[in-house]
Amino acid sequence: MSNVTLYGFPLSTYVRTARIALAEKGVSYEHLPFEPNTDDMLAVNPTGKVPAFKHGDFVLYETLAITNYIDQAFDGPALQPADAKERAIMNQWISYINAYIFPVMVHEIVLFRFEILPMDQSVIDEAIPKTKEQLTLLEQTLSANDYLAGSTASLADYFLYPILAYLGMVPEASLLTDYPGVSAWKARMEEKSSVTESAPAF
Ligand SMILES: N[C@@H](CCC(=O)N[C@@H](CS)C(=O)NCC(=O)O)C(=O)O
């Protein structure tokens, strides 16, 4: 029986990021697919958001803290570059993804297209130019590098992939065709078993 538990419904991009990190490290774990803001979820995360994580008696929330802990506490391949500059770039991307990409692509496009929020086309329309700006920035890096922080996948890629996977499933996926570096990166990520095995069922 594993002493590692991941809490949170598998449709969450952040839960998927944690699942990719666990798979990359080869950590076996119990997955309890609690919905956000339920008593079960609030018992392990005072914000009610998913995911939360437990290792033995140690409970943790916030995906960046969880994935950093997974990287440091378990054997397996490093999920972060050793080089100081590459690690800084990785952290720059994670911050950018959390602060800008997730709110725009998920909250202003995907949640409407998945009918999780009642449709508001005006919000989607306003999100399109912001999404293009974000894809342009990603393209500058991903047309030159295989991954966001260099030649090896890192936590930054694991934060970004679940979001772009959802963008790829809605009509706004057509935007991706203008960004060949981003599209090639997405295809590269989809070759990883950690990515395919963490895909939520619809
Ligand atoms: N800062 C949090 C964000 C987690 C988050 O936003 N999770 C979403 C699902 S992808 C959620 O729980 N949403 C429900 C809500 O905000 O009430 C983290 O990094 O873990």
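The ligand is surrounded by Ser12, Thr13, Tyr14, Pro36, Asn37, Gly48, Lys49, Val50, Glu62, Thr63 and Leu64, where a residue counts as near a molecule if its C-beta atom, placed from the backbone, lies within 6 Å of it. Two or more residues of this shell come from each of α1 (13-25) and α3 (63-73); helices (H or I, at least four residues) and strands (E, at least two) are DSSP runs, numbered from the N terminus. By class, the shell has four nonpolar, five polar and two charged residues, with Ala, Val, Leu, Ile, Met, Phe, Trp, Tyr, Cys and Pro taken as nonpolar, Asp, Glu, Lys and Arg as charged, and the others, Gly among them, as polar.

This is a predicted model, in which local features need pLDDT of at least 70 and side-chain atom pairs count only at pLDDT 80 or more, while totals for chains, interfaces and linings use all residues. Residues are numbered from 1 along each chain as its sequence is written.

Val50 is joined to Pro51 by a cis peptide bond, with omega about 5°, and Pro51 is in the loop between α2 and β3 (52-55). Glu62, in the loop between β4 (58-61) and α3, has phi near 80°, a positive value in a residue other than glycine. Glu62 is partly exposed, with 16 other C-beta atoms within 10 Å (20 or more would be buried, 12 or fewer exposed, and in between partly exposed, with C-beta atoms placed from the backbone).

α1 also packs against helix α6 (residues 155-167), at an angle of about 135° and with the axes 9 Å apart. Axes are lines fitted to C-alpha atoms, for helices over the stretch in contact, and angles run from 0 to 180 degrees between N-to-C directions. That angle makes α1 oblique to α6, since angles under 35 degrees count as roughly parallel, over 145 as roughly antiparallel, 65 to 115 as roughly perpendicular and the rest as oblique.

The axes of helix α5 (residues 121-142) and helix α7 (residues 180-189) come within 7 Å and cross at roughly 70°, so α5 and α7 are roughly perpendicular to each other. The contact of α5 with α7 divides into five nonpolar, one polar and one charged residues.

Glu115 is exposed, with 8 other C-beta atoms within 10 Å, and has a positive phi of about 60° although it is not a glycine.
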